[in-house]
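The entries below record what I looked up, in the order I did it.

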Amino acid sequence: MSSLRSLLLGFGLVVVGMPASAADRPNFLVILTDDHGIGDVSAYGASDVRTPHIDRLIADGARLDAMRSCATVCSPARAAILTGRNPDRVGVPGVIRTHPRDSWGYLAPSVSTLPDLLRREGYATAIVGKWHLGLESPNTPNERGFDHFHGFLGDMMDSYTTHRRHGINYMRKNTEVIDPPGHATDLFTDWSIAYLRERAALRAQPFFLYLAYNAPHFPIEPPADDLERVRKRLPGLDDLRMKNVAFVEHLDRAIGRVLAELDDLDLARDTIVIFTSDNGGSLPHGQSNAPFRDGKQSHFDGGLRVPFAIRWPGRTRPGSRIAAPAQTFDIFPTLIEAAGGEVPKDLDSESLLPLIDGRRVDHVRDFYFVRREGGPRYGGLSYEAIIRGDWKLMRNDPFTPYQLYHLASDPGEQEDRAALEPALVRTLSAALGERVRRGGATPWSRPTN
């Protein structure tokens, strides 16, 4: 911090709009959408949906073209982002749900989270929106590193306007039960803007705002005026797709409001903004992951590939595109490093800063994916996938044989080459088995007394 700024802080004279020195640590805004496929972002080639505000963020920063989530569903993907570790290593291989009999994760209380570490570096930390990593102590947001929580504890809402799940109200402001009127997307946007205004009045402390929308996760409930606009623009579109397009465009405008507030408060130049999704879109609900195969719940790339942009004024080159593969939990070490903190040694993730800076990264990473699920299709077991270089070994349930795909020559994953490459299947199976073994050391169900 500059000596002038320190002096003014001492006299309480720092005001909104005062520029930070180059030595000041950046603020962080991570925008995470829910089940938002690549095919539902116009910058990625979507022809029917319009997302100008997300597109602007992508154009202003660096786009990572080969970004994958760490999981095909919500809880594991979020656990990975907030811990920098594979989700089964932190006790969340599956979806955390209201009823214990159908809940497949328990966030390990001993694991430090991203907000834990940023608080140690002097950051104010906040989550607005969807938590989905625990419904009760010790796994509520305020107990896992966030100073401020304004949002929804649960997995999904039965309606975006009533905000209930199984008839239970999971809306909270910190520990207080609240019951606000309005569409959840608009509420989360309003609350994020209110938080940014609070932080703008306290420029002495950098902040981390994790804005986790639950849109466009089903139920697909766009406001009526959004739906009517799309109906007039695309009269021939089928009803399911039309509702999703309207829902995504409503979300895009909400994101635009948050980005505009950063500009209006003169915070944008001092704030790293990251935009991504937790996993691919849900095909039965009219969402698109084009050009990739399949969608949410699947280890084909339609379930894993997600839009990703990072804007760091003065650091990222506007409009740049990065081809190197990465996973969304790489957000964790990236922000710790950007904050000037010490990155833990036992992470599975890697900082994105070398890629952003154009530095050469020579080593080949293995990318691991896991999900545990119940019901007759899964039986409470997990299924996994691994990518090494151009090869992916995968399956989509615990009972079918593994499939092998060469992603460089077959990005649509149409030709299973397992029978043609038995030695490679054995090698990747051994690597996958080691990941499964490591994950199995962490309990994934809540301890009972």
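**Entry 1, ground rules.** I am working with a predicted model, where local features need pLDDT of at least 70, side-chain atom pairs count only at pLDDT 80 or more, and totals for chains, interfaces and linings use all residues. Residues are numbered from 1 along each chain as its sequence is written, and side-chain values use heavy atoms, with hydrogens and water left out.

I found 12 helices and 18 strands in the protein chain. Helices (H or I, at least four residues) and strands (E, at least two) are DSSP runs, numbered from the N terminus. I noted a box of roughly 70 × 50 × 50 Å for the C-alpha atoms, taken along the principal axes.

I then looked up burial: 60% of the 449 residues count as buried. Buried means under 20% relative accessible area, exposed over 50%, and partly exposed in between (1.4 Å probe, protein chains only).

I looked up how helix α6 (residues 224-233) meets helix α7 (residues 239-264): their axes come within 8 Å and cross at roughly 120 degrees. Axes are lines fitted to C-alpha atoms, for helices over the stretch in contact, and angles run from 0 to 180 degrees between N-to-C directions. The angle makes α6 oblique to α7. Angles under 35 degrees count as roughly parallel, over 145 as roughly antiparallel, 65 to 115 as roughly perpendicular and the rest as oblique. Residues in the contact (heavy atoms within 4.5 Å) include L227 and V230 of α6 and M242 and V245 of α7.

I checked helix α9 (residues 331-338) and found seven of its eight residues buried. Among them are F332, L335 and I336. G340 follows α9 and has a positive phi, near 85 degrees.

Where is P87 placed? I found P87 in the loop between α3 (74-83) and α4 (114-120). P87 has a relative accessible area of 0%, so I wrote it down as buried. Leaving aside neighbours within four places in sequence, P87 is in contact with C70, P76, A80, V92, P93 and V370.
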